[in-house]
Amino acid sequence: MPHRHVDEQLSGFLDGELTQQQRQRVRLHCEECAECRHKLDDLRVLRERVGRACLSDMGEDEWRETMNDITVRTSRSIGWLLFVAGLLAASGVGLYHFVADAGTPAWVKIILVCVYGGLAILLFSVLRQRLIERKTDRYKDVEI
Amino acid sequence: MKNRGMRQQLLQLGNGAHALATQMLGSADEAADAVQDAFVRALKAPGSYDAARGPLRVWFLCLVRNRCIDLLRRRHPGVVDVDRLRDPGMGPEQWLERQQRDAGLQRALAGLSVAQRQIITLRDYLDLSYAEIAGILDIAPGTVMSRLHRARLALKEAFTRNGETDTNAASAR
C-alpha cells in the first residue's frame, strides 16, 4: 500500500481510532515499511511527551478560590444593587413629599434642595472618579 | 444537574481547561481569565448543559474555547509565553527537570498555529476521543484524524527546527 494512504492513518492507529480492517492494513504496511514504522515511533514519543507535560500551573484549590470569588462578587453586586435602588426610591418619595408640603416656606425648600442637591452631586462626582480609577488602574491587584 | 454537583465537576476540569486556553491564548494569565469567564457562564446557567448531548467536560471545554476565540478576535497577536510552567506538587529537582523538558515542548508548540496547538492539547494532553474533539471543534469526526496528524507532524518538525532531535524527545521519557 502506498505511503500516502497510510500516512494520515498512522495517527488514527496510534490513538486506537481506526476500524479493525484499517488497523490491520496499517500494521501490515508498517511491518514492511521502515519509514512509516519510524514515523509511527516518533509520533508515539511525541504523544507521550505531550501527555506527561505540565501545561497548566493551577491546582484545584486555586480554581475553588476563583469560584468562591465569583460567588462573593455576584452576591456583593446584588446587595449593592438592592441597597442603591432602595435608597433612590426612598429619596424620591421623601423629596416628593417635601416639595409637595404646603406648610414649608419656599425659601426653606430652596435652601434644603441646594444643600442636599450639592451633596448628591459631590457624592456622584467622587463615585464616578473612583469607578474610573478602578477600571483603569493596572496595578489594583498588586499587594504591597 | 444541580449547581453544587456541577461546581465540583468543574473544579476538576479547571486545570485541563486552563491548559487548552493557555495553548490557544499563549498566556497563562489570560487563560485563567478565560476559564473564570467560562465558570461564570456555566454556573449562571447550569440548565443549558444537556447531559444527553455529551459529557460535561466536552460542554465546558466548548465554553472555554469559545471564550478564547472571543479574546483572540479582540486582541492583537501576542508573544507566546514559554516560562509559565510549574508543578507545586513536585520537589525542586524534579520540578527543574520537568520545567526544562516542558520548556522545550512549549517552544515547539509555540511554533504551531493556534488550531494545531488546540487539537494536540485536546487529544494528547486531555486525552479526548476523536468524537469528543469533533464536538468541541464543531468539525466532522473524519476531519479530526487528518488535522491531528498534520499538527503532530508540524510539532515534530518544530522540535527539529529548535535543534531537538527525536532521540532527545525519547530520552525525555
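The largest nonpolar core in this predicted model has 56 residues. A nonpolar core here is a set of buried Ala, Val, Leu, Ile, Met, Phe, Trp, Tyr and Cys residues joined through C-beta atoms within 7 Å; buried means that 20 or more other C-beta atoms, placed from the backbone, lie within 10 Å of the residue's own. The residues with the most contacts inside this core are B:Ala17, B:Leu20, B:Ala21, B:Val35, B:Ala38, B:Phe60 and B:Val64.

Let me take one of them. Leaving aside residues up to four places away in sequence, B:Leu20 touches B:Leu61, B:Val64, B:Arg65, B:Gln118, B:Thr121, B:Leu122 and B:Leu126; contact requires C-beta atoms, placed from the backbone, within 7 Å.

I turn now to the two chains. Chain B places 41 residues in contact with 28 residues of chain A. Of the elements of chain B, H1(B) gives the most to this side, with nine residues; helices are DSSP runs of H or I, at least four residues, numbered from the N terminus. By class, this side of chain B has 19 nonpolar, ten polar and twelve charged residues.

Finally, one helix pair. H4(A), residues 34–52, packs against H5(B) at an angle of about 85 degrees, with axes 8 Å apart; axes are lines fitted to C-alpha atoms over the stretch in contact, and angles run from 0 to 180 degrees between N-to-C directions. H4(A) is therefore roughly perpendicular to H5(B), a term covering 65 to 115 degrees. A:Arg47, A:Val50 and A:Gly51 meet B:Ile120, B:Asp124 and B:Tyr125 there.

On conventions, residues are numbered from 1 along each chain as its sequence is written, and chains are lettered from A in the order in which they are written. Local features need pLDDT of at least 70, side-chain atom pairs count only at pLDDT 80 or more, and totals for chains, interfaces and linings use all residues.

Definitions and conventions: Contact = placed C-beta atoms within 7 Å. Helix = DSSP H or I, 4+ residues; strand = E, 2+ residues; numbered from the N terminus. Nonpolar A, V, L, I, M, F, W, Y, C, P; charged D, E, K, R; others polar. Buried ≥ 20, exposed ≤ 12 C-beta atoms within 10 Å, placed from the backbone. Parallel < 35°, antiparallel > 145°, perpendicular 65-115°, else oblique.
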